[in-house]
Amino acid sequence: MGIGELQIIATVSAFIAFIGIAWWAYSPKNKKRFEEDAQLALDDEDVKSLSEEQRNKDKR
């Protein structure tokens with residue numbers, strides 16, 4: 001296995017990872033979560049008033 005084949009494998013792996021991340025980011029099932037997260041910086045709500053589930057929604 002030469003350096004050229006390793007470069008091809010690395011390129012294809014990076015491309016597949018990029019497609020996977022883009023698919024995940026633009027997936028309709030994540031739209032609501034991303035819209036809520038985008039509003040976090042604009043909310044005046046204190047973190048202490050958030051429920052445990054809201055603070056740990058990424059741990060599901």
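This is a short chat about a predicted model of one chain.

Biologist: What should I know about the numbering and the confidence cut-offs?
Modeller: Residues count from 1 along each chain as its sequence is written, and side-chain values use heavy atoms, with hydrogens and water left out.

Biologist: Where is confidence lowest, and where highest?
Modeller: The mean is lowest in helix H3 (residues 52-55), at 65, and highest in helix H1 (residues 3-25), at 96; the chain averages 83.

Biologist: How many helices and strands?
Modeller: The chain has 3 helices and 0 strands, these being DSSP runs (helices H or I, at least four residues; strands E, at least two) numbered from the N terminus.

Biologist: Switching topic, how many aromatic pairs?
Modeller: The count is 1 aromatic pair, where ring centres of Phe, Tyr or Trp (its six-membered ring) must lie within 6.5 Å, and planes under 30 degrees apart are stacked, over 60 edge-to-face and the rest tilted. Trp24 and Phe34 form it edge-to-face, at 5.5 Å centre to centre and 85 degrees between the planes.

Biologist: Which helices hold Trp24 and Phe34?
Modeller: Trp24 lies in helix H1 and Phe34 in helix H2 (residues 31-39), so the pair ties together parts that are 10 residues apart in sequence.

Biologist: Are those two buried or partly exposed?
Modeller: Trp24 is partly exposed at 42% relative accessible area, and Phe34 is partly exposed at 28%, with buried meaning under 20%, exposed over 50% and partly exposed in between (1.4 Å probe, protein chains only).

Conventions
Predicted model: local features only at pLDDT ≥ 70, side-chain atom pairs only at ≥ 80, totals over all residues. pLDDT = per-residue confidence, 0-100.
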